[in-house]
Structures are given as structure tokens and as C-alpha cells.
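Hi everyone, thanks for coming. Today I'd like to walk you through a few spots in one structure, so please have the picture open as I talk.

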Amino acid sequence: MSESDVLREKLIDAVVTHVPFDGWGDKALLTAAQDLGVDPGLARNAFPGGAIEMIDFHSRLADRRMVADFEQADKTGLKLRERVALAVRLRLSSNTAHREAIRRALTTLALPVNAPLAARLLYRTVDAIWYGLGDRSTDYNFYTKRMLLAGVYSATLLYWINDKSAESVETWAFLDRRIAEVMLIPQA
């Protein structure tokens, strides 16, 4: 990992703690830089694209961490649907402390001008999940799997954002129901 990526990772981990109060923007970035003792100019150079670039980097980082956590997890005896659910749980659970930052990111991504980025981030996440699961398909299944998981992941993410249950048990039950519904498609 390059020196600039290390700095960006440290900054984004600090930024998300300020996003609930300051939003995804310059104020959160500069406060995070101050927390870390990083020169404000250096922090701004780390994310010249502002909020959108920070959200993009945070999503990439969450995907990378999810794949690393999935590789370390005990998957012995898990069926495919259980491994998919595990990956989604890992992706969301790693951001539990930053749920409000995720909510604010989704609000920003919901703007029509940001729709292309929102689609790329969603695709990257579901692709990372399938890749982490070992999927190397190149036929129509490649697209079908990602399309179906995009629907499951998106719905679960929106449910998770508002879930007040202990340890997100309601979200995980919701996720299991969505996966069960998707598993019915081949039978139809």
C-alpha cells in the first residue's frame, strides 16, 4: 500500500467519526486532519474530489476489509446462501459504529448527479462479495448473480440503516428472508 493510501485510510477512518455532525465535506475532513495532526493542505490533497471522493474511498475500504474478514472467517460447512449472508453481515457490521455516516453517504448518493457513482459503488460491493466467495464465472451467471445480490444488498442496507434491534438481529432476519426469496427464482 502506498504512503498516500495509508494517509487516506487514516483520514477516512477519522472522518467518519465527524460525518454525523459535519456531513461528508471539508469540515469533517479538516477536523479529522486536526485529530491526526495532519496538515490541512495534505488532507485536502488526499481527497481533492471532496465528499464524493471520500464516500467512494470509504466504500472501497469497507469492501476491502469485508473481503479480508471473510477470508479469515470460519466457513466450514456453510452453504452458498449462508456464505453470501456472512459476507453481507461482515460488510454492514464493520460500519455499525458509523451508521449515521453511511446514512449521510446514501443521502448524497441519492442525488441524481451522483447516480452513476452510486451504481458503481453498489456494483463494486456485490462484485467483491462474489469474488470473495470464489465466483469466477464468465457467462450470464456472472451478471445474474450480481444483479440479484445488488437487490438483496441494497434492501438489506436500507433496512439496516433504520434497525434499532440489539446486534442488528432484525436486519439479519430480513437478509435471510431476502436470500431465501432469491433462492426460489431458479425453481420458478
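Let's start with a word we'll need: a residue counts as exposed when its relative accessible area is over 50%, and as buried when that area is under 20%. Also keep in mind that this is a predicted model.

Now look at Glu167, in the loop between α8 and α9. Is Glu167 buried or exposed? Its relative accessibility is 73%, so Glu167 counts as exposed. Ser168 is in the loop between α8 and α9 too, but Ser168 is buried, with a relative accessible area of 4%.

These two residues also have something to show in their backbone. Most residues other than glycine have a negative phi. Glu167, though not a glycine, has a positive phi of about 55 degrees, and Ser168, not a glycine either, has a positive phi of about 55 degrees.

Two packed helices are described by the angle between their axes and the distance between the axes. For α6, residues 99-109, and α8, residues 140-162, the axes come within 10 Å and cross at roughly 130 degrees. That angle makes α6 oblique to α8, and the crossing is left-handed. On the α6 side, the contact is made by Arg99, Ile102, Arg103 and Leu106, while α8 brings Leu157, Leu158, Trp160, Ile161 and Asn162. Sorted by class, that contact has six nonpolar residues, one polar and two charged.

My last stop is Arg89, in helix α5, residues 80-93. With 23% relative accessibility, Arg89 counts as partly exposed. Which residues does Arg89 touch, leaving aside its neighbours within four places in sequence? They are Trp172, Leu175 and Asp176. Take Leu175: Arg89 and Leu175 are 86 residues apart in sequence, yet 8.7 Å apart in space, C-alpha to C-alpha.

That's my tour, and I'm happy to go back to any of these spots with you.

Definitions and conventions:
Residues are numbered from 1 along each chain as its sequence is written. This is a predicted model: local features need pLDDT of at least 70, side-chain atom pairs count only at pLDDT 80 or more; totals for chains, interfaces and linings use all residues. Side-chain values use heavy atoms; hydrogens and water are left out. Axes are lines fitted to C-alpha atoms, for helices over the stretch in contact, and angles run from 0 to 180 degrees between N-to-C directions. Helices (H or I, at least four residues) and strands (E, at least two) are DSSP runs, numbered from the N terminus. Angles under 35 degrees count as roughly parallel, over 145 as roughly antiparallel, 65 to 115 as roughly perpendicular and the rest as oblique. A crossing is left-handed if the near helix is turned anticlockwise from the far one by less than a right angle, and right-handed if clockwise. Contact means heavy atoms within 4.5 Å. Ala, Val, Leu, Ile, Met, Phe, Trp, Tyr, Cys and Pro count as nonpolar, Asp, Glu, Lys and Arg as charged, and the others, Gly among them, as polar. Buried means under 20% relative accessible area, exposed over 50%, partly exposed in between (1.4 Å probe, protein chains only).
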